[in-house]
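Keep the structure in view as you read.

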Amino acid sequence: MDVLRGGAILAVVICHQKDILHSSEYIQCLTLYSVTSLIFLMGITKGLALKKFWQRNNLSILNYTFQSMKSTILSYVLASVILDISLNGVTDNFLILNHLLNFNAAAPFYFIGLFIKLSLWAPLIYFFIYKIFIVTNCRNEYTRYVFVIVFLLSVWCVGYFSIDHYDVFGQSYLFVYSIGILLSFKDLHNVSVKSLIISIGTLIIGTFFTYKFYFARVAGNYHYSELIDILDPKLQMNPPNLSIILYSFGVIGIVYYSSNLLENTRYFSIPFKVLACWGKYSLDIFLWHIFIQQILEKTSLAMLPPTMYKRVIYYSAMLFLPIIGRIIYTKTKENVYASRNAQ
């Protein structure tokens, strides 16, 4: 999970460097799996957490939901306020609060609003999937697959037909999130040749569709609805259309099976360990990479062309400084608690 999350957060950071560290539309196209992958992985994590919750059952579901969001929301509040005051130059408390509630102190912060919406829907989604897999106890696998397909189509319709009406379902992200929760019921540790072939096929097809879609946008077609996306003309890049969803699932599958196959090799495992580190601290990287980027853009480095030297400095700062900050914070908090308990 951490490896997959690390690959997704790396794509997020790279995507936000256009016209700063690169100007390639091909790089932008390759990173389109980023947010969709994070939402999917968030669904798996939430599904596993809800499974543990129902086993313990020592909180109400509402209390659990708010408790599970607390850490992320507090981290977001801190990042939003600091970015507003130090970089946006905002001094009006009402405006700071407005940016907090609208998740727009920085463009990527919309993701936190999406996280809150999907977290609130998660128990209901989990309940329906639990009914399908556990309570109904379908001995016939075919019947179970029919139930799953009907459920996912229903979720897709709820998200899609809410577009332009109700901004509470996350549009197509609700579908991606639900698939993540669905997979939390399955054993994901087994690596089979069949699954690998399916992942490769999904990646090839998804890459083709995404390429056609993205470069139609580059050419000026911002209402693309061709090939598979004839089915979802209201969706474009964010929330993702079917092209990007297929591409994202293909990337997830390939990274997952590659990391499983190579995790015990001496040298090939090193990149996956780095990705796992980024994945573990993906929230911190997500919240602070724009802040770090903007700080660097106020230095003399901003005047340099996007050379390898500049890229190494920028990417190292954006990907590692949030991790160092989180480790320092955690260690400081542990020491404070330890000293209080010792008194």
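Start with Val-77, which sits in helix H4. This is a predicted model. Is Val-77 buried, exposed or partly exposed? Its relative accessible area is 31%. Buried would need under 20%, and exposed over 50%. Val-77 is therefore partly exposed. Now look along the chain to Phe-103. Val-77 and Phe-103 lie 26 residues apart in sequence, and their C-alpha atoms are 9.5 Å apart in space.

Two packed helices are described by the angle between their axes and the distance between the axes. Helix H4 spans residues 61-86, and helix H5 spans residues 93-102. They pack at an angle of about 135°, and their axes are 10 Å apart. H4 and H5 are therefore oblique to each other. Their crossing is right-handed. Which residues make the contact? H4 supplies Tyr-76, Val-77, Ser-80, Val-81, Asp-84 and Ile-85. H5 supplies Leu-95, Ile-96, His-99 and Leu-100. By class, the residues of this contact are 7 nonpolar, 2 polar and 1 charged.

Stay with H5 and ask which residues are buried. They are Ile-96, His-99 and Leu-100. These three cover an arc of only 100° around the axis, so they fall on the same side of H5. The helix repeat fits this picture. An α-helix has 3.6 residues a turn, so residues three or four places apart point the same way. H4 is part of what covers the buried residues of H5. The face of H5 turned away from the buried side carries Phe-94 and Leu-101, which are exposed.

Next, turn to another helix pair. Helix H3 covers residues 34-56, and helix H10 covers residues 242-262. They pack at an angle of about 65°, with axes 9 Å apart. That makes H3 roughly perpendicular to H10. H3 passes H10 in a right-handed crossing. On the H3 side, the contact involves Thr-36, Ser-37 and Phe-40. On the H10 side, it involves Ile-244, Ile-245, Ser-248, Phe-249 and Ile-252. The contact of H3 with H10 has 5 nonpolar and 3 polar residues, with no charged ones.

Finish in helix H8, residues 172-183, where Ser-178 is found. Ser-178 has 0% relative accessibility, so it counts as buried. What does it touch, leaving aside neighbours within four places in sequence? Ser-178 is in contact with Ile-125, Ile-129, Phe-151, Leu-152 and Val-155.

Notes. Residues numbered from 1 in each chain as written. Predicted model: local features only at pLDDT ≥ 70, side-chain atom pairs only at ≥ 80, totals over all residues. Heavy atoms only, no water. Axes fitted to C-alpha atoms, helices over the stretch in contact; angles between N-to-C directions. Helix = DSSP H or I, 4+ residues; strand = E, 2+ residues; numbered from the N terminus. Parallel < 35°, antiparallel > 145°, perpendicular 65-115°, else oblique. Left-handed = near helix turned anticlockwise from the far one by under 90°. Contact = heavy atoms within 4.5 Å. Nonpolar A, V, L, I, M, F, W, Y, C, P; charged D, E, K, R; others polar. Buried < 20%, exposed > 50% of the residue type's maximum accessible area, 1.4 Å probe, protein only. Arc of directions from axis to C-beta.
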